[in-house]
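Subject: Structure handover

Hello,

Here is the structure for you to look over. My notes follow below it.

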Amino acid sequence: MSKENQAVEFKESWRDDYLRWVCGFANSHGGTLIIGKNDRGEAVGVAESAKLMEELPNKIRDLLGIIVEVNLLAEEGAELLEVNVPAYTNPISYRGHYYIRSGSTLQEIKGAALDRFLLQKQGRTWDSVPLPGVAINDLSLVSLKKFRELATVSGRLSDADLSAADPELLEKLKLTEGSYLKRSAVLLFHEDPDRFITGAFIKIGFFVSESELAYHDEIHGSLFSQAHTVIDLLRTKYMKAAIIYEGLQRIERFPVPYEALREAILNALVHRDYSVPAPIQIRVYENKLKIWNPAVLPEGWSLKTLLGAHASHPYNPDVANAFFRSGEIESWGRGIERIFSACRSSDSPPPSIQLEGHDLWVEFPFSDNYLDTMRGKVSSKGSATQETTQEKIVLLLREKPSITRRQLAQELALSEDGIKYHLRKLKEQNRIRHVGATKKGYWEVLK
């Protein structure tokens, strides 16, 4: 007994509503609708089979605009109708609605998914669509100049292309169509692409817990400027460097290696689905950093495919090409591999990558050594000892008796929890004491 699957659907009798299933097959990989079978695959027969044989092809042609093959079958003494639907390269709608076959279910496509579907059927990508209302003179001269500088160093564009006027350079980069700029050009070189493409910016927040936000920033501008601004801001405001000493040498180590962080940010900017009106989000915690962006994997890909060796298949090929020409990224699908390699080289924990629907999360956990150093504990590889850190604190308390915990943390590049730990230890040793109120008092060094 046959069963329903992605390419086969059973219906006991015909109803015009089943044209939605025909539409779904046409928009997917094709399929067969069998009239006269129940859900268990048992033949129950179909009434007025001869009449339906004549009516269905015409009805499907008139309402869907497609040609199907309708056959009369006999099974277990019952007459069945077999409607064979080919896959169509152009989008097919039923009464203004679009459907696709997913597994053994029928799904209506709406919103951003519908945009992606229609573009795919037209053989276009989201970033290649012309954007009326924006002229070359509206683009940022600073961003274009920065691109030329980067591309000169990378050597991935000829001197003639780099010295050409802006219109010729944009045409060379395939960022124009006729007299229009493409969406990709606005993303790459407009100083405020969010005016035209909702959500084309990045949000960063420092979270005390999953629900408690301490402070945040929004980074707008061209994609090139967003990339550099975000990385600088993360390393100067949101992540503290652990200070360790190897002999007399003072070394700063950030919890996420620079190359891994840079690659993750660039991947998010280049490969995100900009039809989703939500910005890229970066959440920083005391012990981890998480990056979220809406993503669409190539058809047939899974998370396993993404994490393994694969060819370059950018969701926004025009954007990716400009970043490649500038030397900011490679074109060989090695972004994920480079992130893991950078973490291995610096003895940092590898990130975890999760895909939930179209939500892609990259999470960088901070190492125990880094967290121990920030909390003022002894690390296992020649980090500054508690005694060294505490001597520095005592020296600062002598020089500035009114100094606060926050100021001590800034001076020594430690967390406030780490400073609190050392102050408690020094009090227990009777080396210091605090005189007066918590906020208005001062420190006294006893020995």
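C23 has 0% relative accessibility and therefore counts as buried (under 20% relative accessible area; exposed is over 50%, partly exposed is in between, with a 1.4 Å probe and protein chains only). C343 is also buried, at 1%. The number of disulfides in the structure is zero, a disulfide being a pair of cysteine sulfur atoms within 2.5 Å.

This is a predicted model, in which local features need pLDDT of at least 70 and side-chain atom pairs count only at pLDDT 80 or more, while totals for chains, interfaces and linings use all residues. Residues are numbered from 1 along each chain as its sequence is written, and side-chain values use heavy atoms, with hydrogens and water left out.

Helix packing

Helices (H or I, at least four residues) and strands (E, at least two) are DSSP runs numbered from the N terminus. Axes are lines fitted to C-alpha atoms, for helices over the stretch in contact, and angles run from 0 to 180 degrees between N-to-C directions.

C343 belongs to the α12 side of a contact with α9, where G335, I336, R338, I339, A342 and C343 meet E259, A260, E263, A264 and N267 of α9 (contact means heavy atoms within 4.5 Å). The axes of α9 and α12 (residues 335–345) come within 8 Å and cross at roughly 160°. That angle makes α9 roughly antiparallel to α12, the term for angles over 145 degrees. The crossing is left-handed (the near helix is turned anticlockwise from the far one by less than a right angle; clockwise is right-handed). By class, this contact has six nonpolar, two polar and three charged residues. Nonpolar covers Ala, Val, Leu, Ile, Met, Phe, Trp, Tyr, Cys and Pro, charged covers Asp, Glu, Lys and Arg, and polar the others, Gly among them.

Helix α9 (residues 258–271) also packs with α8 (residues 223–238), at about 145° and with axes 10 Å apart. The crossing of α8 and α9 is right-handed. Residues of α8 in this contact include L223, V230 and L234, and those of α9 include Y258, L261 and L269. The contact divides into ten nonpolar, one polar and two charged residues.

Backbone

Most residues other than glycine have a negative phi. K174 has a positive phi of about 60°; K174 lies in the loop between α6 (166–172) and β8 (176–177) and is exposed at 56% relative accessibility. D347 has a positive phi of about 55°; D347 sits in the loop between α12 and β16 (352–356) and is exposed at 60%.

Regards

Conventions. Angles under 35 degrees count as roughly parallel, over 145 as roughly antiparallel, 65 to 115 as roughly perpendicular and the rest as oblique.
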